[in-house]
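Thanks for coming. I will go through one structure today, starting with the ligands and then turning to the protein itself.

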Amino acid sequence: MAKECIKSACPYCGVGCGVEINHKNQIVGDQTHPANKGALCVKGSALAESLDMPSRLLYPRIKGDQVEWSNAIENIADKLYRTMEEYGPQAIGMYVSGQLLTEDYYVVNKLMKGFVGTANIDTNSRLCMSSAVAAHVRAFGEDIVPVSYDDIAHTDLIVIVGANTAWTHPILFRRIQQAREANPNVKLVVIDPRKTITAEQADLHLQIDNDGDVLLFNGLLNYLISQKALNNPFIEQYVNGYDELETSVLIDDYSMETVSQKLSVNPVLLETFYQWFAQSPTAMTLFCQGVNQSESGTDKANNIINAHLITGKIGQSGSGPFSITGQPNAMGGREVGGLANQLAVHRGFDEHSIKQVEQFWQAPNIATSPGLKAIDLFNAVEQGEIKFLWIMATNPAVSMPNSSQVKRALEVCDYVVVSDITSHTDTAQLADVLLPASGWGEKQGMVTNSERCLTRQRQFTAPPGQAKSDWWMVAQVGKALCQKLGVESGFEFQSEADVFREYAALSGINRDTPLKFDLSSLSNITDEDYAAWQPQSWPLNGQPVLQDKHGPSLYFPTPNGKANVVIPNTINAYNDKVKVELDECKSQPKTWWLNSGRQRDQWHTMTRTGHISHLAASEVEPTLYLHPIAAQQAQLTEGTLVNVRHPNHDNQFIARLAVDSGLTHQQAFMSMHWAGKFSGQSQVNTSLASLADPHSGQPAFKSQPVIISSFPTSHYGLSIGVDFSSLNYLAPRWPYMSLQHVEFTAARSNALYQQGVWRFADVNAITKSEIQAFVQQQYPNSQCLILDQDSSWLAVILVSNVVIGVVFVSTQPIDLSLDLLQSFIREKFNLGGLLSVLSAKGGHASKLVCSCFRVTEQDILDQLDHSPNMGLRELQNTLSCGKNCGSCIPEIKRYLSQSIDVVTIK
Ligand SMILES: Nc1nc2c(c(=O)[nH]1)N[C@H]1C(S)=C(S)[C@@H](COP(=O)(O)OP(=O)(O)OC[C@H]3O[C@@H](n4cnc5c(=O)[nH]c(N)nc54)[C@H](O)[C@@H]3O)O[C@H]1N2
Ligand SMILES: Nc1nc2c(c(=O)[nH]1)N[C@H]1C(S)=C(S)[C@@H](COP(=O)(O)OP(=O)(O)OC[C@H]3O[C@@H](n4cnc5c(=O)[nH]c(N)nc54)[C@H](O)[C@@H]3O)O[C@H]1N2
Ligand code: SF4
Ligand SMILES: [Mo]
């Protein structure tokens with residue numbers, strides 16, 4: 001690690017916080033970074049632990065065999081060339097990621113679109129941001145985020161639509177809270193079908209039906225127009241298409257009464273929101289996946305933008321629509337042009353752009369039309385149309401909808417290359433060639449966050465084994481391909497700085513156009529200046545992004561310089577469909593809307609956070625949430641296992657049922673994280689169909705119908721200390737298997753241990769003899785004692801009379817305190833103690849509330865039992881909970897008081 005203080009950027013979410021690797025080799029927040037000013041959330045605070053990752057991929061492998069880099073590069077280039085020759089460039093596909101650095105993205109985009117000759121390169125940003133991108137382009141003529149974080153401190157109203165910001169962009173949410181503390185008149189409205197932790201902290205929560213957003217905003221537009229709450233001079237000067245919008249929304253269907261009734265929202269609360277929006281001098285609307293990941297995602301985003309345009313709440317301090325970016329460099333990827341429907345640097349496939357880019361790259365095979373978007377790309381792979389697929393920094397076998405189909409596609413594809421930091425992903429398992437990538441801290445390059453701020457991630461530690469940067473791998477393959485094609489190499493980059501300079505120079509083709517994105521002033525940045533880069537947002541001239549390059553007024557990069565209001569066209573058809581489906585749901589007790597998203601403490605498919613014990617403790621196994629009363633009515637019992645199935649196909653998964661009264665009655669929620677060895681087959685995307693927004697191609701992950709039924713469990717199992725990995729992967733021994741990493745201190749030696757806790761279940765009996773046989777095989781020198789009791793038994797595995805592991809099996813759902821069970825492990829055999837656990841006197845599992853200080857629900861309840869009148873501050877002073885990142889404070893407040901100060905409407 002570092003000898004001197006090194007500044008970098010957090011590799012998780014799009015807030016893009018600055019971090020510093022300080023003199024003591026600790027990773028802390030960078031006090032000088034404009035995004036976070038030193039603060040870090042729970043994931044950012046656990047970065048040091050994330051580096052300590054087991055099972056890194058260290059060497060290139062072809063069909064499982066370790067090879068030299070030169071062999072791997074030649075193998076890939078050869079296959080690439082032969083596929084191009086035999087089947088043409090359209091038989092090549094790449095699927096990359098918003099977690100790549102800008103330099104990686106640039107090289108891979110250049111290879112595909114300039115040298116292979118296809119735009120079949122898409123990215124997981126398709127699943128994440130593409131509806132927002134499409135909406136920006138439709139409204140502004142370019143993919144522009146027209147606000148910055150500082151606006152939050154100057155606004156009167158913050159509306160959060162379809163985002164659980166308190167958990168997913170915690171440092172941004174902290175800025176929102178600080179703005180509200182500084183000015184108590186600032187209002188917060190949250191629009192989400194779930195009462196999330198974010199919604200609980202709002203002044204107003206509109207718990208609309210899933211996908212009701214377009215209708216909700218049509219109601220707002222109708223209200224604004226009928227109340228004459230418009231900014232007519234602004235419309236006159238800066239807006240195209242207002243008259244058509246007025247005609248389309250000024251109809252009875254969008255009157256407040258109709259909208260409130262259709263969305264099942266209390267009319268008083270609806271009117272409050274409409275009034276606040278109309279009357280607030282400034283307003284910001286933040287939106288994320290509840291908007292983007294929908295069949296009407298682009299229209300939702302445009303309708304939000306419409307409301308800002310007709311009220312002139314855009315282009316002034318404290319106002320504007322704000323698409324929050326998900327991944328750390330999703331924005332950088334958009335700037336490079338790494339999506340299949342972009343060519344490069346905010347340019348599309350018009351003739352002029354194609355010419356300019358072709359010339360700049362000296363491209364022998366420039367792509368001339370858009371390529372396949374993610375869902376179509378994997379369909380083409382499954383159909384055998386794509387014969388060569390390179391996947392980089394993403395795990396589509398888990399994160400794409402209808403993930404079983406994606407797995408099938410990877411199985412049938414001729415040649416799949418995967419670059420990752422680990423081979424333990426569902427996608428890497430299906431690769432022909434595996435390339436070891438250097439991870440965060442081992443590589444360097446630029447990232448752009450939600451507010452267009454470019455920060456450099458810096459290297460502070462050496463990559464393990466033969467891991468290499470992604471841009472390097474691609475450039476090597478590019479060079480080899482150029483040789484085979486007999487063309488001049490376009491990939492002679494010696495460093496990231498070389499790549500960055502070329503990229504910045506390419507963006508100069510925008511200089512004489514209305515487009516705002518232009519980094520060409522950095523085309524000649526020296527190695528030293530690039531290395532010393534300080535965070536800076538574009539436009540690099542420091543002007544507000546919407547300001548005209550040539551004067552003080554606003555300029556939108558459309559043909560006439562005005563922004564477009566866009567009339568949603570998915571609204572009528574879609575809302576009718578939603579309504580019909582929802583009514584069907586309501587009439588069939590076993591059909592539910594499945595909503596999916598994030599947990600506070602995990603990152604995506606868990607490759608980087610699953611092994612961190614305190615992050616794994618807040619949701620310990622694949623869990624499906626239902627409203628408690630709805631669950632009861634459907635005779636589904638908390639703690640048991642349920643089967644979740646798509647109504648029209650057989651794909652299904654199993655999860656543990658938990659209850660959440662923040663859900664509506666027909667809605668289920670599951671996190672997207674469960675994957676790989678942590679979840680076995682229990683992955684939410686198994687049961688989702690590949691539905692997508694017609695404009696953006698972004699999958700609809702947030703509301704699809706599913707059938708939920710009881711999983712007929714015969715036996716449940718829980719094991720600590722026994723390694724079941726060999727039974728789990730790819731073909732799990734039991735239909736339900738999950739893994740939690742825990743860390744504990746053995747009482748006897750005081751040493752810290754990492755170990756796996758396995759939870760499993762079967763429709764058939766789990767027998768003592770099978771566990772004994774497995775233990776015998778796995779630990780030949782051990783002794784396996786069985787302690788039996790009515791409906792449950794405990795296998796104790798001993799080596800020299802010391803307990804190395806226990807396996808508890810029961811016909812009932814298991815709810816035992818891990819802490820208690822762990823206290824027997826690595827200790828001398830204690831029969832009496834174990835028997836008391838067996839007779840369930842041993843205490844129950846308690847939920848982790850504060851991940852930073854590891855404070856459980858039980859700790860808080862015990863404390864409040866002892867001193868019932870404690871306030872938040874006293875509780876924090878006693879237990880420390882919520883004293884670091886603060887994201888658990890709303891949960892702690894729930895224990896302090898039953899009555900939560902928020903207006904809700906269902
Ligand atoms: N802890 C954590 N943070 C992350 C990530 C992570 O993996 N873990 N990932 C990052 C990434 S890549 C992304 S994209 C962001 C995502 O950040 P968010 O979008 O904030 O997170 P999600 O949980 O996916 O979904 C947000 C909310 O949309 C709501 N929703 C569902 N359907 C609808 C609807 O029809 N209308 C409305 N209005 N709301 C709806 C859901 O109930 C959910 O509360 O998070 C980033 N931050
Ligand atoms: N049901 C449902 N599904 C969803 C969503 C949802 O809300 N609901 N959200 C969607 C969204 S918004 C997103 S962004 C996606 C995220 O989904 P993915 O992108 O599939 O998830 P990650 O786990 O982040 O995958 C990143 C992979 O890159 C590897 N990696 C890490 N660092 C590096 C590196 O430096 N180089 C290389 N080559 N590899 C690296 C990691 O080990 C990991 O395997 O999921 C989408 N899927
Ligand atoms: S808010 Fe996002 S960028 Fe900031 S520390 Fe947390 S995960 Fe990292
Ligand atoms: Mo995302």
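Which polar side-chain atom lies 2.7 Å from an oxygen atom of ligand 1? The atom belongs to D192. Before I go on, please keep in mind that this is a predicted model.

Staying with ligand 1, there are 34 residues around it, and the closest are T168, D211, D213, R598 and Q602. Q602 also makes a polar contact through its backbone: a polar backbone atom of Q602 is 2.6 Å from a nitrogen atom of ligand 1.

Next, ligand 2. For N124, a polar side-chain atom sits 2.7 Å from an oxygen atom of ligand 2. K702 also reaches a ligand oxygen with a polar side-chain atom, at 3.0 Å. A393 uses its backbone instead: an N or O atom there lies 3.4 Å from an oxygen atom of ligand 2.

Ligand 3 has a shell made up of C10, Y12, C13, V15, G16, C17, L40, C41, K43, G44, P170 and I171. Sorted by class, that gives nine nonpolar residues, two polar and one charged. Two helices, α1 (42-45) and α7 (170-182), each supply at least two residues of this shell.

That is it for the ligands. Now some strands.

Strand β12, residues 284-287, is covered on both faces. M284 and L286 are buried on one side, and T285 and F287 are buried on the other. β12 pairs with β8 (residues 157-161) in the parallel sense, over four bridges, and in that pairing I160 stands opposite L286. Strand β13, residues 320-323, also runs parallel to β12 and is joined to it by four bridges. There, S323 is the bridge partner of F287.

For an antiparallel case, look at the open sheet of three strands, in the order β17-β18-β19. β17 (445-448) and β19 (536-537) are the edge strands, each pairing on one side only. β18, residues 453-457, is joined to β19 by two bridges, with L454 opposite Q536.

Now a helix. Which residues of α31 are buried? In this helix, residues 831-838, they are G833, L834, V837 and L838. Seen down the axis of α31, these buried residues fall within an arc of 145°, so they line one face.

Last, one residue in a loop. S682 is found between α27 (676-679) and β26 (704-710). Is S682 buried or exposed? It has a relative accessible area of 1%, so it counts as buried. Beyond its neighbours within four places in sequence, S682 is in contact with P622, F653, I654, M670, W674 and Y736. One of these, I654, has its backbone oxygen 2.6 Å from a polar atom of the S682 side chain.

That is all I have.

Definitions and conventions: Residues numbered from 1 in each chain as written. Chains lettered and ligands numbered in written order. Predicted model: local features only at pLDDT ≥ 70, side-chain atom pairs only at ≥ 80, totals over all residues. Heavy atoms only, no water. Buried < 20%, exposed > 50% of the residue type's maximum accessible area, 1.4 Å probe, protein only. Polar contact = N/O pair within 3.5 Å; in protein donor to acceptor, adjacent residues only side chain to side chain. Contact = heavy atoms within 4.5 Å. Near = heavy atom within 4 Å. Nonpolar A, V, L, I, M, F, W, Y, C, P; charged D, E, K, R; others polar. Pairing = 2+ DSSP bridges. Arc of directions from axis to C-beta.
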